[in-house]
Amino acid sequence: MTTTHDSERAEQLTLLRESALSFAAKASPLHRARALRQQTPGFDRQFWAALAEQGWTGLLVSEKMGGYEQGFAEMAEVVAALATQVAPEPVVPVLVFAGRLLAHAVPSDLATRLLTEMAEGRTLPAVAWQEDITGAKDRTDQAATRLERQADALLLNGSKRHVRPGAGADGYIVSATGPGGLALVWVPADTADLTVTSQPLADGSYAAQLDFNNVRLPASHLLAEGPNAVAALTRAYDETLVSTSVELLALVRGMLSMTQDYLRTRVQFGKPIGTFQSLQHRAVDLLLQQELTASIVTQALALLDSPDSDASARSAMASRVKSRASDAGLQVAREAVQLHGAIGVTDEYDLGLYLQRALVLAAWLGNGSQQRRRYADLTQNATEQEHA
Amino acid sequence: MNTTAATTTDWNALDNASFRATVREFFEKHFPGEWRYPQRRLRWSEIGPWYLKLSEKGWVAPSWPTQYGGMGLSPEKLIIFIEEQERWGVARAPDMGITMVGPLLINHGNEAQRAYYLPKIIAGEHIWCQGYSEPNSGSDLASLRTEAVVDGDDFIVNGQKTWTTLAQDATHIFLLVRTDKSAKKQEGISFLLADMTTPGITVRPIRNIAGSEDFCEVFLENVRVPRTSIVGELNKGWTIAKALLGFERIFLGSPKQSQYALARVREAGQRLGLFEDTGFVDRYTKLALDVADLGALYGRFIEQVKRGETLGPDVSMLKLFATETYSRLADLLVDVMGSSGGTPGSTALPGGKTDALTTFYNARPATIYGGSNEVQRNILAASVLKLPS
């Protein structure tokens with residue numbers, strides 16, 4: 001019975017993959033990504049509307065809110081297809097990170113409204129939770145940003161970093177510590193006393209720093225509080241780690257494929273350089289990293305889509321896959337440049353688009369080393385028990 | 001002996017969970033505790049009794065068809081059988097007869113060969129070793145020079161084989177020999193079976209860097225082998241040898257060895273208080289994730305086998321990553337042992353004994369045998385990445 005279900009789903013995934021790949025190749029050629037670099041907000045709102053028309057902005061959203069209630073495996077097909085074209089739209093930061101965080105914060109009325117608008121492609125929410133310059137001290141269960149309650153209002157003070165998209169978001173879901181513990185608060189982008197400073201990232205997109213200086217918000221903007229807020233943020237964070245790994249895997253595939261083509265066609269010393277064993281062996285090591293990443297991404301997506309997955313297993317898996325994908329992304333990027341030679345370091349050659357995006361995504365939400373620290377912390381108890 | 005039990009039980013009819021439970025119970029109850037997780041190849045004098053016990057149970061040849069005394073397991077059931085062996089740390093007995101000669105004769109031998117050899121393999125009466133590598137033919141196996149010349153009803157074999165695992169315990173050897181010197185290198189090779197007691201065969205064990213004698217040199221001097229001992233057609237041995245590399249290849253990539261080594265590193269780390277040391281925790285976690293991710297990659301190929309698909313050349317990735325992860329674990333173990341890293345055998349640490357070097361020694365041949373990792377990379381470059389030659 002599950003087999004029939006599985007094979008039906010596999011078939012649907014294949015169809016979705018084909019349509020997403022063909023859409024992305026047609027609507028988002030690499031020169032589009034190139035042209036949008038350093039052009040605030042760094043992506044195209046009309047292209048976003050086209051994604052909404054495809055139904056992809058509502059893919060993960062429940063049917064009640066106008067979405068399609070699909071799984072992470074389905075979302076991954078869209079994410080991968082767009083990443084293959086290095087499309088700059090903040091699909092994972094908005095639809096996965098913010099979208100899932102709102103979904104976990106439902107039944108808040110505000111969350112419901114925001115999700116509905118997000119599914120329609122009208123509103124782009126972003127998540128603002130990190131505060132540390134390297135991210136090493138950030139945890140999903142705490143925040144230095146302070147939330148005070150004053151009569152019917154909320155008062156917010158503090159700073160947030162590494163917010164993506166760093167320009168063009170319509171508002172932010174901000175984590176802060178308040179009287180009820182960790183709180184998640186909706187802050188529209190045009191709120192008074194909020195300063196948004198966009199910082200350029202390597203790939204030509206932006207991250208933002210947000211400064212809250214006695215920012216006043218209506219009490220209804222409190223989305224979640226206490227253990228619910230921690231659980232929602234942690235879960236959305238883990239889901240985003242996996243989805244970012246999907247993007248990194250697509251970049252790895254793109255870079256390795258370009259490198260393969262180059263090794264087959266570039267002639268030096270009278271033969272294609274791909275005939276040289278030392279280069280062949282280096283290319284094989286990249287293939288190995290690609291396939292390792294692919295194996296774990298598949299497992300991680302299945303875990304997210306499984307109805308009975310538990311929170312700690314999800315977190316460990318998410319850190320594990322992001323650690324592999326980040327390191328694979330950077331290793332393949334470095335080696336792809338070396339195997340291309342000097343052409344690989346020129347801005348006009350497309351390999352650079354992939355490399356710059358890989359740099360951004362490997363660092364975002366914690367790089368390989370940071371994810372391994374988190375994995376070690378998460379699994380330490382388990383290891384001790386196993387050993388006892 | 002109870003051979004009828006083996007032929008009448010349809011193991012594939014059992015559901016997976018019951019089959020697994022049955023196998024697990026037998027291993028846990030009957031496998032000698034002292035030989036669990038051995039860190040070297042065991043000699044026939046040590047592990048022979050287990051082989052005979054399996055034979056008596058009808059379980060010695062899990063992959064063979066029941067008509068030849070095997071269990072006739074489907075790929076899925078065979079994987080469960082092997083997983084349970086690995087889980088319990090069941091040592092490998094000299095199994096060349098089971099994994100190589102049996103399938104070879106079943107697929108390429110003649111009726112007389114099957115009738116003579118197969119029952120003796122099942123009974124543990126014939127122990128086989130593999131005569132492939134030669135002093136000048138390792139990774140480039142097809143360059144082998146051991147020669148067989150027809151003389152009446154016999155072949156006369158001259159040459160030398162090496163790295164022959166446990167030849168000192170074997171009663172028989174299967175040989176790749178050159179039968180046509182004028183043909184291109186892969187085309188003049190034939191497959192021969194020989195009794196180790198034939199005059200002219202001399203075995204000399206080779207002591208390895210770990211101090212044990214796992215493999216041997218085998219000298220062949222005017223060895224007379226009946227012409228009926230050829231398997232398949234004359235000069236077609238290479239094709240047969242290649243076809244033998246069935247899905248057993250996947251087991252060179254099993255994560256079990258690395259999981260075992262990781263547990264030893266964890267144990268040493270705990271005994272030495274190293275989990276307080278961020279530098280160690282970082283290195284350990286990176287390797288722990290390599291082992292976990294190796295498991296994911298392995299699982300992908302296992303799924304393919306279970307679906308009855310033929311494994312492609314991409315399975316070479318598994319061997320690369322499995323053996324290189326194992327090797328990195330061995331390096332870390334030697335490293336954390338510090339000044340005791342050059343001491344063979346067990347070193348007493350607070351809380352137990354740790355062996356610094358056995359893993360290191362085991363890791364050396366792992367990246368060489370079964371096609372060196374360099375040869376595996378050549379295969380992947382050509383067959384998967386389609387790079388030019």
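Reply:
**Salt bridges and their surroundings**

B:E309 is partly exposed, with a relative accessible area of 37%. On this scale, buried means under 20% relative accessible area and exposed means over 50%, with partly exposed in between (1.4 Å probe, protein chains only). This is a predicted model, in which local features need pLDDT of at least 70 and side-chain atom pairs count only at pLDDT 80 or more, while totals for chains, interfaces and linings use all residues; side-chain values use heavy atoms, without hydrogens and water. Residues are numbered from 1 along each chain as its sequence is written, with chains lettered from A and ligands numbered from 1 in the order in which they are written.

The partner of B:E309 is B:R307, and the closest N and O atoms of this salt bridge are 2.8 Å apart. B:R307 counts as exposed because its relative accessibility is 54%. A salt bridge here is a side-chain nitrogen of Lys or Arg within 4 Å of a carboxyl oxygen of Asp or Glu. By this rule there are 49 salt bridges over all chains. Some of them join into a network, which links B:R20, B:R24, B:E28, B:E83, B:E84 and B:R87.

Two salt bridges in chain A join parts that are apart in sequence. In one, A:D347 and A:R34 meet at 3.9 Å, N to O. A:D347 lies in the loop between helix 9 and helix 10 (351-363) of chain A and A:R34 in helix 2 (residues 30-35) of chain A, so this pair ties together parts that are 313 residues apart in sequence. Helices are DSSP runs (H or I, at least four residues), numbered from the N terminus. A:D347 is partly exposed, because its relative accessible area is 49%.

In the other, A:R374 pairs with A:D238, with the closest N and O atoms 2.9 Å apart. A:R374 is in helix 11 of chain A and A:D238 in helix 7 of chain A, so the pair ties together parts 136 residues apart in sequence. A:R374 is buried at 19% relative accessible area, and A:D238 also counts as buried, at 1%.

Helix 7 of chain A also holds A:T259, which counts as buried at 1% relative accessibility. The side chain of A:T259 reaches the backbone oxygen of A:M255 at 2.7 Å. Leaving aside neighbours within four places in sequence, A:T259 is in contact (heavy atoms within 4.5 Å) with A:A336, A:L339 and A:H340.

Salt bridges also cross between the chains: the count between chain A and chain B is six. One of them joins B:D293 to A:R324, with the closest N and O atoms 2.8 Å apart. The elements that give two or more residues to the side of chain A that touches chain B are helix 7 (227-265), helix 8 (277-305), helix 9 (311-340) and helix 11 (368-387) of chain A. Helix 8 of chain A gives the largest share of that side, 14 residues.

The contact as a whole takes 32 residues from chain A and 30 residues from chain B. The area buried between the two chains (accessible area lost on being put together, 1.4 Å probe, summed over both) is about 2,900 Å², and carbon and sulfur atoms give 63% of it. In chain A, the residues that lose the most area to chain B are A:V284, A:L288 and A:R372, together 17% of what that side buries.

Key
Polar contact = N/O pair within 3.5 Å; in protein donor to acceptor, adjacent residues only side chain to side chain.
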